[in-house]
Structure formats: structure tokens, C-alpha cells
Amino acid sequence: MKPLILSVEDDVQMTSLLRTVFELSDYPLIQARSAKEALTMFLSEKPELVILDLGLPDMDGLDVIRKIRGFSQAPILVLSARSEPADKIEALDLGADDYLAKPFSVDELLARIRVICRRLEQTGSLPETEVFVNGGLEIRYQEQEVRLDGKLLHMTPMEYRILVLFSRNAGKVLTRNFITTQIWNSAWSSDMTNLRVYMTMLRKKLDHRFIETSFGVGYKMVREEPEAGV
């Protein structure tokens with residue numbers, strides 16, 4: 001069963017394009033052209049995936065992300081003409097799972113949706129009791145909780161997935177191609193851009209500890225040594 005998609009887009013041509021794309025790909029689809037309509041549909045129809053434009057007539061799409069995240073963790077893929085890193089960072093930090101800038105490739109959009117679908121299918125597949133500890137960093141996989149020096153960190157779904165990938169490969173240099181292939185199942189140029197955005201956000205939340213840059217190659221999670229006398 002493919003997930004029910006809620007598309008939130010006010011542009012008539014884009015609305016028509018998305019309808020055609022999803023009908024040809026056999027995705028069940030409902031469409032809203034305003035934030036108010038989208039939130040009403042979300043509550044009544046319970047879609048499993050939201051594709052969201054940020055430039056809506058009655059509310060900024062960022063506020064829609066805030067509202068949805070207030071009561072649901074359903075995946076949100078932002079599809080927007082805003083392409084500045086600051087826009088991506090804010091959307092992702094508020095809880096969007098992915099961000100694709102317009103104009104976009106239909107093939108890339110469908111690839112990203114397939115990755116989200118696989119993640120939905122794999123939810124809950126990690127061992128119940130498994131906990132990763134690296135110095136002051138603790139990841140509780142079953143609860144999907146991350147703590148730094150005992151303090152609970154807020155992680156977006158995508159930040160959490162990337163951090164788990166590093167924890168599963170601690171001490172290894174992960175190339176950018178490897179990371180994007182594992183996370184998005186592709187290595188589009190936009191994936192590389194999104195990865196840089198996510199890494200900036202993730203390293204900031206980790207107080208610039210644990211993850212080092214291997215220049216020209218990728219990134220590595222390093223082991224944090226305990227302080228002397230501890």
C-alpha cells in the first residue's frame with residue numbers, strides 16, 4: 001500500500017503537475033490550496049505524507065510545519081521556490097524531513113518519496129534495548145532519543161537518521177556519496193547541498209563535538225575521551 005499524500009500548493013499549474021505525477025505513479029492523493037484547508041484535511045483524512053509549499057496565501061508554510069509537529073510526526077517534504085540555505089535550515093529545524101527546491105526533477109521527487117516510504121516501513125526495526133554511548137553522547141534507538149551530557153536534544157527526523165548512521169559507523173570516514181545514498185538512496189547534487197545543511201545543524205546541536213570533517217572526503221564520528229581524573 002502506497003501512502004496517502006497530502007499536497008499543499010496554491011499554484012494552479014504546479015497543483016495540476018503534481019496531480020498528474022502522483023496519479024501516474026499510483027499514489028493516493030488529496031490536495032489543498034491553503035494552510036487552513038491543509039490542516040483541516042490533515043485532521044480529517046490523516047495522510048501519511050505531506051508535500052508542502054512554503055508560499056501559501058493565508059499562512060507561511062513554516063507555520064504549517066510548526067502546527068503539524070504540534071500533534072503529528074507524519075513526514076513532511078518541503079517543495080518550495082525558496083532555495084537559500086537559511087530557508088532550508090529553518091524548515092528542517094522545525095521538523096521537515098526533507099527539502100526540495102523548485103524547479104525540481106520529477107524523478108528526484110519520486111525518489112525522495114520512495115526513501116520516505118522505506119523509512120515508514122522500517123520504523124520500529126531497531127532492537128528495543130539498544131543504546132549507543134560515546135562520551136557525553138547517548139542515543140536510545142527504541143525511544144529515538146538523543147542526550148548530550150544528560151540533556152535531551154531536539155532532533156528533526158532527518159538529523160536523527162544521519163546521527164544514527166554515524167553511530168553505526170563510529171570511527172569510520174563516511175564519504176558524502178555513501179551518506180546521501182544511505183539517507184536518500186541517491187547522490188543528486190541537491191542531496192549534497194542538503195547534506196551540508198544538515199551537517200551544519202547537527203554539529204551545532206552537538207556543540208561541534210563527535211563529528212569531524214575529512215576534507216575532500218566526508219565526515220567521521222570520533223570517540224570522545226573522558227576527562228582526566230573522571
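## A buried arginine

Arg112 is in contact (heavy atoms within 4.5 Å) with Leu77, Asp98, Leu100, Trp184, Ser190, Asp191 and Asn194, leaving aside its neighbours within four places in sequence. Arg112 sits in helix α5, residues 106-122. Is Arg112 buried or exposed? Arg112 is buried, at a relative accessible area of 1%. Buried means under 20% relative accessible area, exposed means over 50%, and partly exposed lies in between, with a 1.4 Å probe and protein chains only.

## About the model

This is a predicted model, in which local features need pLDDT of at least 70, side-chain atom pairs count only at pLDDT 80 or more, and totals for chains, interfaces and linings use all residues. Residues are numbered from 1 along each chain as its sequence is written, and side-chain values use heavy atoms, with hydrogens and water left out.

## The whole chain

The chain has 8 helices and 12 strands. Both are DSSP runs, numbered from the N terminus: helices are H or I with at least four residues, strands are E with at least two. Along its principal axes, the C-alpha trace spans about 65 × 35 × 30 Å.

Of the 230 residues, 48% count as buried. Look next at contacts with a separation of 6 or more: residues 24 or more positions apart account for 60% of them. The accessible surface comes to about 11,600 Å², and 51% of it belongs to carbon and sulfur atoms. These areas come from the Shrake-Rupley method with a 1.4 Å probe. The chain carries 29 positive and 34 negative side chains, and the centres of the two sets lie 2 Å apart. Lys and Arg count as positive, Asp and Glu as negative; His and the chain ends are not counted. Each charge is placed at NZ of Lys, CZ of Arg, CG of Asp or CD of Glu.

Helix α6 covers residues 157-168. Its end C-alpha atoms are 17 Å apart, which agrees with the 16 Å that its 12 residues should span at 1.5 Å a residue. The expected span is 1.5 Å times one less than the number of residues. How many residues of α6 are buried? The count is 9 of 12, so α6 is mostly covered. Among the buried ones are Glu159, Ile162 and Leu163.

Those three residues are also contacts of Leu202, along with Met155 and Ile211, leaving aside neighbours within four places in sequence. Leu202 is found in helix α8, residues 189-205. Leu202 counts as buried, at 1% relative accessibility. Leu202 and Met155 are 47 residues apart along the chain, yet their C-alpha atoms are separated by 8.3 Å.

His154 is found in the loop between β9 (151-153) and α6. His154 counts as exposed, at 51% relative accessibility. With neighbours within four places in sequence left aside, His154 is in contact with Asp93, Glu159 and Lys205.

## A buried serine

Ser7 lies in strand β1, residues 5-8. Ser7 is buried, with a relative accessible area of 1%. Which residues does Ser7 touch? Not counting residues up to four places away in sequence, they are Leu18, Leu29, Ile30, Gln31, Ala32 and Ile51.
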